[in-house]
Amino acid sequence: MSSPLEQAILDIGLPPEWHVAVEVRPRRSTLGIEVHPDGSVLIAVPEGVDTHEIVPILRGQADRIARAVAGRIAIGGVHPVKELVDGEHFSYLGRTYRLRLTEPAEQPVRLHGDWLELAVEPNGRPRGTALVAWYTAQGEAWIRDSVASFARGAGVPTPQTRVSDLGARWGVRERDGRIAVHWATFQLAQPLIELILAHELTHLRVGKHSSLFRQELRKLVPELSARERWLADVGSEVWLGATRQAA
Ligand SMILES: [Zn+2]
């Protein structure tokens, strides 16, 4: 950033790791702020507007920009549909495993080396819901082991948690103060699971995605924006449970 306008934006004190670009748009009459899916922020400025006029407007919009950027915590994109056949790829805690169908067993899913083993039903069919149940149980164990230390870091009492299907959301703070995390989250690398957990824990203290929220969240996740971009990059690769029949 080098122009007087860009310098003025720096002076407002938006987080330095945000990719903020400024474009002069001759046809615009008002200031526009666009947050792109990759997390970059574009500030569209009408032609001929003086820097001194823009700075206070931007300052007043800082919270709106923060909310828009934090809004990327939602799961976006088109997600894969998996075929439950030997060799299909599944991720768990950021590592890729290949599916191997096994004989019917009491414990239908287990990790074995580089393989994710799924026992077929007595009728010979594999069931995707067994995998969802396995991710859910693994996720519950992960959260149980981690939530207390993260809550301490966030300065909140350890909340009750649950793991379930949250539709298009990675996590949610529920009305009763519980925190819910999507089962699909546990396909992600641990730093991303930590980001999602830290985000919801921070909501126990700050309800809205304000600049205060980001300031508090950054205490738990110092490289916040880089991790949010990472999550936005890989989020659409996550399997949300859709399967198709083998041909
Ligand atoms: Zn949130």
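**Exercise 1.** In this predicted model, work out how H4 passes H6: is the crossing left-handed or right-handed?

*Solution.* Start with the residues that touch: H4 brings Pro191, Leu192, Glu194, Leu195 and Ile196 to the contact, and H6 brings Leu224, Arg227, Glu228, Trp230, Leu231 and Val234. Next, look at the sense of the crossing: H4 goes past H6 in a left-handed one. Now the axes: those of H4 (residues 190-203) and H6 (residues 224-234) come within 10 Å and cross at roughly 110 degrees. Angles of 65 to 115 degrees count as roughly perpendicular, so that is what H4 is to H6.

**Exercise 2.** Find which protein atoms are the donors of the zinc ion, and what spacing they follow along the chain.

*Solution.* Go around the ion first: the protein donors are NE2 of His199, NE2 of His203 and NE2 of His209, at 2.0 to 2.1 Å from the zinc. Last, check burial: His203 and His209 are both buried.

**Exercise 3.** Sum up the whole protein: how many helices and strands does it have, and what percentage of its residues count as buried?

*Solution.* Count the elements: six helices and 12 strands. For burial, 45% of the 247 residues qualify. Then take the surface, which has an accessible area of about 12900 Å², with 49% of it belonging to carbon and sulfur atoms. Finally, among contacts between residues at least 6 apart in sequence, 50% link residues at least 24 apart.

How values were computed. Residues numbered from 1 in each chain as written. Predicted model: local features only at pLDDT ≥ 70, side-chain atom pairs only at ≥ 80, totals over all residues. Heavy atoms only, no water. Donors = N, O, S within 2.8 Å, 3.2 Å for Na, K, Ca; no water. Buried < 20%, exposed > 50% of the residue type's maximum accessible area, 1.4 Å probe, protein only. Helix = DSSP H or I, 4+ residues; strand = E, 2+ residues; numbered from the N terminus. Contact = heavy atoms within 4.5 Å. Areas by Shrake-Rupley, 256 points an atom, 1.4 Å probe, with all protein chains shown as cover. Axes fitted to C-alpha atoms, helices over the stretch in contact; angles between N-to-C directions. Parallel < 35°, antiparallel > 145°, perpendicular 65-115°, else oblique. Left-handed = near helix turned anticlockwise from the far one by under 90°.
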